[in-house]
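User: Hello! I am new to this structure and would like to learn how to read it. Could you guide me through some of its features?

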Amino acid sequence: MLFEVPIVAAVIGEGGSGGALGIGVADRVLILENAYYSVISPEGCAAILWKDRAAAAKAAEALKITARDLLEQGLADEIIPEPLGGAHNDPAATAQTLKQHLLKHLKQLQKLSAADRLKKRYHKFRAFGHYLEAQPAAA
């Protein structure tokens, strides 16, 4: 099933499960600057890889799940700034900032025809997961 309507998603906290990744179907994915988004939580990853949840910081670094990492990888489209100290310090200001960004992206998407929006969405998803293998060191 294709959804022809514009889809804008926002990650506002911890997105750490396969279900959370379902929001990746959006035309635009926005993320608060201190949020993260991953198929697994850093604690869960650490427990699996190192058999120690205390290695969560190491796992988080390896997973590249910060807002900045996700923007650089093309998995997020914009980082939404938070008030000093984080979104929880001023929920009203965070909500207002989030609203402004959501409306901006929605207006941009509404300017596209449904066919163009679907084409762009398709190409966006097709670009996910590309990687370059490390080249062997020159002898």
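Analyst: Gladly! Let's begin with accessibility: a residue is buried under 20% relative accessible area, exposed over 50%, and partly exposed in between, using a 1.4 Å probe and protein chains only. Lys64, with a relative accessible area of 35%, is therefore partly exposed. Before we go on, note that this is a predicted model, where local features need pLDDT of at least 70 and side-chain atom pairs count only at pLDDT 80 or more, while totals for chains, interfaces and linings use all residues. Residues are numbered from 1 along each chain as its sequence is written, and side-chain values use heavy atoms, with hydrogens and water left out.

User: What does Lys64 form a salt bridge with?

Analyst: The general idea is a side-chain nitrogen of Lys or Arg within 4 Å of a carboxyl oxygen of Asp or Glu. Here the partner of Lys64 is Glu61, and their closest N and O atoms are 3.0 Å apart. Glu61 counts as exposed because its relative accessibility is 52%.

User: How many salt bridges does the count come to by this rule?

Analyst: The count is 4 salt bridges. Another one of them joins the side chains of Lys124 and Asp77, at 2.7 Å from N to O. This pair links distant parts of the chain, 47 residues apart: Lys124 is in helix α5 (residues 114–127), and Asp77 is in the loop between α3 (67–73) and β5 (78–80). For these labels, helices (H or I, at least four residues) and strands (E, at least two) are DSSP runs, numbered from the N terminus. With 14% relative accessibility, Lys124 counts as buried, whereas Asp77, at 30%, counts as partly exposed.

User: Which side chain meets Glu78 in a salt bridge?

Analyst: That is the side chain of Lys104, at 3.0 Å from N to O. Glu78 lies in strand β5 and Lys104 in helix α4 (residues 91–110), so the pair ties together parts that are 26 residues apart in sequence. Glu78 is buried, with a relative accessible area of 15%, and Lys104 is partly exposed at 36%.

User: Which side chain makes a polar contact of 2.5 Å with that of Glu78?

Analyst: A polar contact is a pair of N or O atoms within 3.5 Å; within protein, one must be able to donate a hydrogen and the other to accept it, and residues adjacent in sequence count only if both atoms are side-chain atoms. The side chain in question belongs to His105. His105 lies in helix α4 and is buried, with a relative accessible area of 5%. The C-alpha atoms of Glu78 and His105 are separated by 9.6 Å, and the two residues are 27 residues apart along the chain.

User: What else is His105 in contact with, leaving aside its neighbours within four places in sequence?

Analyst: Contact means heavy atoms within 4.5 Å. Besides Glu78, His105 is in contact with Val8, Arg28 and Leu30. Val8 stands opposite Arg28 in β3. Two strands pair if DSSP finds at least two bridges between them; β1 and strand β3 (residues 28–32) run parallel and are joined by 4 bridges.

User: How do I check the span of helix α4?

Analyst: The expected span of a helix is 1.5 Å times one less than its number of residues. The 20 residues of α4 should span 28 Å, which agrees with its end C-alpha atoms being 28 Å apart.

User: Which residues in α4 are buried, and which are exposed?

Analyst: Thr94, Leu98, His101, His105 and Leu109 are buried in α4. They cover an arc of only 80° around the axis, which puts them on the same side of α4; that arc is taken from the directions from the helix axis to the C-beta atoms. On the other side of α4, Ala92, Lys107 and Gln110 are exposed. What covers the buried residues includes β1, β3, β5 and α5.

User: Where is Ile12, and is Ile12 buried or exposed?

Analyst: Ile12 lies in the loop between β1 and β2 (14–16). Ile12 is exposed, with a relative accessible area of 57%. Leaving aside neighbours within four places in sequence, Ile12 is in contact with Leu32, Ala35 and Leu98.
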